[in-house]
Amino acid sequence: MLFWVIAAILTLGASLAVLLPLAGGSKNASAAGDHDLEVYRDQLAELDRDMARGLIQPIEAEEARAEIARRILRLSNAGQADDTATQPSRSTRLVATAAVLVVPLVSWGLYGQLGSPDLPSQPLSERLAKNPADSSVDELIARAEAHLAANPSDGRGWDVLAPVYLRMQRYADAVTAYRNAIRLDGDSAARQAGLGEAIANAAGGIVSAEAQAAFEAALKLDPANPKASFYLVMGVAQEGRIAEATAAWQKMLAALPQGSPWRGAVEQALAESAARSVASKAPAKGPSAEDIDAASSMSPQDRQAMISNMVAGLDEKLRQNPRDEEGWMQLVRSYAVLGKTDQARDALNRGIAVFGADSDQARKFTAFAASLGVTATE
């Protein structure tokens with residue numbers, strides 16, 4: 001019932017705000033005209049007093065009186081024109097009044113049929129008091145934030161909320177939450193790695209010096225922490241040290257258990273580093289910078305197919321122009337990074353065959369392949 005009373009009062013107020021100006025006509029304009037007329041009358045009286053005291057000559061007084069009379073006449077004509085222009089017609093008033101009355105009535109009728117006027121109010125305090133199992137994620141976060149606002153020294157609360165912020169891509173809030181958790185509950189590998197990930201994502205994926213320090217702190221507490229290891233190698237790759245990053249990711253991939261969720265991330269990073277390596281080491285045979293940018297926006301399956309095609313193209317060109325020493329080394333590296341050991345060994349053997357088993361190039365190929373874990377066929 002209270003809802004309908006409030007709605008009626010608001011509707012009445014809105015209706016009066018529209019109807020009163022229609023009923024008022026040109027009262028404001030008339031008031032302004034009366035004021036000007038009073039000023040002109042005062043000027044006429046002042047003119048008579050000046051002439052009586054001899055301050056102005058009769059001829060000048062008559063000219064001034066005529067000018068004031070003309071102004072009064074213009075004011076009278078303008079007032080009549082304004083009254084005609086601003087006074088709404090009877091039909092206009094009827095249409096406006098009908099619209100003001102009909103719109104609320106139609107709105108109330110539609111709301112009564114389609115709305116939920118009897119639905120009880122749901123203030124935030126009551127929603128936060130619900131069973132957590134019946135609450136949405138936003139309500140749970142709001143509950144946690146309200147709790148931490150009242151209890152900012154609850155390190156456990158910050159520790160629980162930080163990874164939630166991270167998953168929701170609220171990276172700045174995640175950084176604050178992780179720092180509060182570390183400050184209140186102390187260091188842990190998970191907290192430091194989470195802090196580094198939040199800092200890196202807040203910077204658009206760049207592993208800055210601040211993020212690197214957090215990851216290094218995590219590895220001091222847990223040398224096997226995969227998140228910290230992965231991001232530190234990513235920082236190496238971002239510095240352009242692709243070969244070093246590739247070797248580190250390969251070592252990490254070999255150490256990760258089969259069920260680790262980080263295996264997919266490392267394999268994808270290796271595929272992308274292979275594409276960048278092809279572009280930097282063999283620009284005439286590999287992808288351009290635009291190709292690399294395009295690959296970063298593809299799905300993992302499309303990206304893998306694109307990289308495989310580029311490596312296959314390099315292989316075909318070496319068959320046509322086999323006296324390319326750097327090209328053979330790049331092909332062996334690309335196949336090794338993609339995990340295609342048999343193809344890498346085949347490429348090594350073909351490269352050795354081109355230059356001869358006793359050549360300096362063959363010895364260079366063999367040593368290079370061995371650093372990647374690839375050996376030539378006996």
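**Reading ring pairs, cores and salt bridges**

Reader: Are Phe230 and Trp249 buried or exposed?

Author: Burial is read from relative accessible area, where under 20% is buried, over 50% is exposed and anything in between is partly exposed (1.4 Å probe, protein chains only). Here both Phe230 and Trp249 are buried. Please keep in mind that the model is predicted, so that local features need pLDDT of at least 70 and side-chain atom pairs count only at pLDDT 80 or more, while totals for chains, interfaces and linings use all residues. Residues are numbered from 1 along each chain as its sequence is written, and side-chain values use heavy atoms, leaving out hydrogens and water.

Reader: How many aromatic pairs does the structure hold, and what is the geometry of Phe230 and Trp249?

Author: Rings of Phe, Tyr and Trp (its six-membered ring) pair if their centres lie within 6.5 Å, and planes under 30 degrees apart count as stacked, over 60 as edge-to-face and the rest as tilted. The structure holds 5 such pairs. Between Phe230 and Trp249 the centres are 5.9 Å apart and the planes meet at 40°, so this pair is tilted. The pair links distant parts of the chain, since Phe230 belongs to helix H11 (residues 226–238) and Trp249 to helix H12 (residues 242–255), 19 residues apart; helices here are DSSP runs (H or I, at least four residues), numbered from the N terminus. Another pair, Phe355 with Phe365, is edge-to-face, at 5.7 Å centre to centre and 75° between the planes. This pair joins helix H17 (residues 341–355) to helix H18 (residues 360–371) across 10 residues, and both Phe355 and Phe365 are buried.

Reader: Which residues do ring pairs link into a cluster, and which members of the largest nonpolar core touch the most others?

Author: The cluster consists of Phe215, Phe230, Tyr231, Trp249 and Trp262. A nonpolar core is a set of buried Ala, Val, Leu, Ile, Met, Phe, Trp, Tyr and Cys residues joined through side-chain atoms within 4.5 Å. The largest one has 42 residues, of which Tyr178, Leu195, Phe215, Phe230, Trp249 and Val266 touch the most other members. Helices that each supply at least two residues include H8 (171–185), H9 (189–202) and H13 (262–281), while H11 gives the largest share, 7 residues. Leaving aside neighbours within four places in sequence, Tyr178 is in contact (heavy atoms within 4.5 Å) with residues including Leu166, Arg191, Leu195 and Ala198. A second, separate core of 24 residues includes Met306, Phe355, Ala369 and Val374.

Reader: How many salt bridges are there, and which residue pairs with Arg170?

Author: Side chains of opposite charge can pair when their charged atoms come close. A salt bridge needs a side-chain nitrogen of Lys or Arg within 4 Å of a carboxyl oxygen of Asp or Glu, and the structure holds 13 of them. Arg170 pairs with Glu145, the closest N and O atoms being 3.1 Å apart. Arg170 lies in the loop between H7 and H8 and Glu145 in helix H6, so the bridge ties together parts that are 25 residues apart in sequence. Arg170 is partly exposed at 30%, and Glu145 is partly exposed at 29%.

Reader: Where does Lys364 lie, and where does Glu326 lie?

Author: These two form a salt bridge with their closest N and O atoms 3.9 Å apart. Lys364 is in helix H18 and Glu326 in helix H16 (residues 325–337), so parts 38 residues apart in sequence are tied together. Lys364 is partly exposed at 36%, as is Glu326 at 46%. Elsewhere, salt bridges that share partners join Glu145, Arg170 and Asp173 into one network.
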